[in-house]
Amino acid sequence: MSWVDIIRVIVLAWTFFCSLIAMALAADLTSISESLVKQYFTWAALAIAVGILSITSIPAMVVVDLLRTGAFTSMIVVELSWLSVLHVLWLVVGAMAASSSSNYWGGTCDFNFSNEINTACKETQAVAAFGFLAWLPLLGYTVLLLVLAIIRQTNGIPVWLLSVKESFRDGTDVTHANGPTIAPQFMETKVMDSPAPPSMPYTPPTGAATMTTYPPSGILTSPPPHQV
């Protein structure tokens, strides 16, 4: 795993934890408000909805990415889009809960006449805190992932349709979106030897003197008989 993938898992796990806590607190607060005044806070309902979206989508993203390479949910462009939506929603939840804690509850939770109201006030402050705690890491991770993806894209490495584990492997670069890296092939030129000319029989030139055996045939080599 690359360092980007490790940061991704940590941020998503932390967001899942904060989402679960904030959703549970908002649900309990809604139950209290319904029992007391027969109404509910809008931001609490939003916190429940965003919490459900987070705790269902984030584990699916992590598990699918671990079990399958090249899944649609693991693409960087899809992950950036969805996490950007989530971190904006958690920012809204945190801001609305903090505003309710300051304006509706007066910023203090020391009510002597009802323990339920004290609990609702403290849960409002807790939802605001966990909303900001879920928003900030998601914001940092999406900005980091966006910057790294833009840098690689400007270097000629298309990563938008790849997952984080495919795009930021240690010591490797992906140069094609649909296949492995292909090293350039260099062809070597080979100089072919020219064929040797065919051998020709030797023909002596016309009119040249031919060598004959010596002495010539027909000439007696023995001395003539001695005449008396």
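Which helix holds Ala49? Ala49 sits in helix H2. This is a predicted model. Its chain has 5 helices and 0 strands. Along the sequence, the pattern reads α-α-α-α-α. The points below start with the whole chain and then turn to single residues.

**The chain as a whole**
- Of the 228 residues in the chain, 33% are buried.
- The chain exposes about 15100 Å². Carbon and sulfur atoms supply 67% of that area.
- Take the contacts with a separation of 6 or more: 68% of them join residues 24 or more positions apart.

**Spans listed in UniProt**
- An unreviewed UniProt entry lists residues 42-64, 76-98 and 132-151 under "transmembrane region".
- In the model, residues 42-64 are 100% helix and 0% strand. The end C-alpha atoms of this span lie 33 Å apart.
- Residues 76-98 are also 100% helix and 0% strand. Here the end C-alpha atoms are 32 Å apart.

**The nonpolar core**
- The largest nonpolar core has 39 residues. Ile76, Trp90 and Val127 touch the most other members.
- Helices H1, H2 (42-67), H3 (76-103) and H4 (115-154) each supply at least two residues of this core.
- H4 gives the most, with 11 residues.

- Val127 is found in helix H4.
- Is Val127 buried or exposed? Val127 counts as buried because its relative accessible area is 0%, and buried means under 20%.
- Leave aside the neighbours within four places in sequence. Val127 is then in contact with Ala22, Leu25, Ala26, Trp43, Ala47, Val93 and Ala97.
- Val127 and Ala97 are 30 residues apart in sequence. In space, their C-alpha atoms are 6.5 Å apart.

- Ala49 has a relative accessible area of 39%. That value lies between the 20% and 50% cut-offs, so Ala49 is partly exposed.
- Ala49 and Leu89 are 40 residues apart in sequence and 9.8 Å apart in space, C-alpha to C-alpha.
- Val9 belongs to helix H1 (residues 3-37). Val9 is partly exposed, with a relative accessible area of 34%.

- Side chains of opposite charge can pair when their charged atoms come close.
- How many salt bridges does the structure hold? The structure holds 3.
- Asp5 pairs with Arg8, with the closest N and O atoms 4.0 Å apart. Both residues are in helix H1, 3 residues apart, so about one helical turn separates them. Asp5 and Arg8 are both buried.
- Asp65 also forms a salt bridge with Arg8, at 3.4 Å from N to O. This pair links distant parts of the chain: Asp65 is in helix H2 and Arg8 in helix H1, 57 residues apart. Asp65 is buried, as is Arg8.
- Glu79 forms a salt bridge with Arg8 too, and the closest N and O atoms are 3.0 Å apart. Glu79 lies in helix H3 and Arg8 in helix H1, so this pair ties together parts that are 71 residues apart in sequence. Glu79 is buried, and Arg8 is as well.
- Shared partners join Asp5, Arg8, Asp65 and Glu79 into one salt-bridge network.

How values were computed
Residues numbered from 1 in each chain as written. Predicted model: local features only at pLDDT ≥ 70, side-chain atom pairs only at ≥ 80, totals over all residues. Heavy atoms only, no water. Helix = DSSP H or I, 4+ residues; strand = E, 2+ residues; numbered from the N terminus. Buried < 20%, exposed > 50% of the residue type's maximum accessible area, 1.4 Å probe, protein only. UniProt positions renumbered as here; feature names shortened; annotations may be inferred. Core = buried A, V, L, I, M, F, W, Y, C linked by side-chain atoms within 4.5 Å. Contact = heavy atoms within 4.5 Å. Areas by Shrake-Rupley, 256 points an atom, 1.4 Å probe, with all protein chains shown as cover. Salt bridge = Lys/Arg side-chain N within 4 Å of Asp/Glu carboxyl O.
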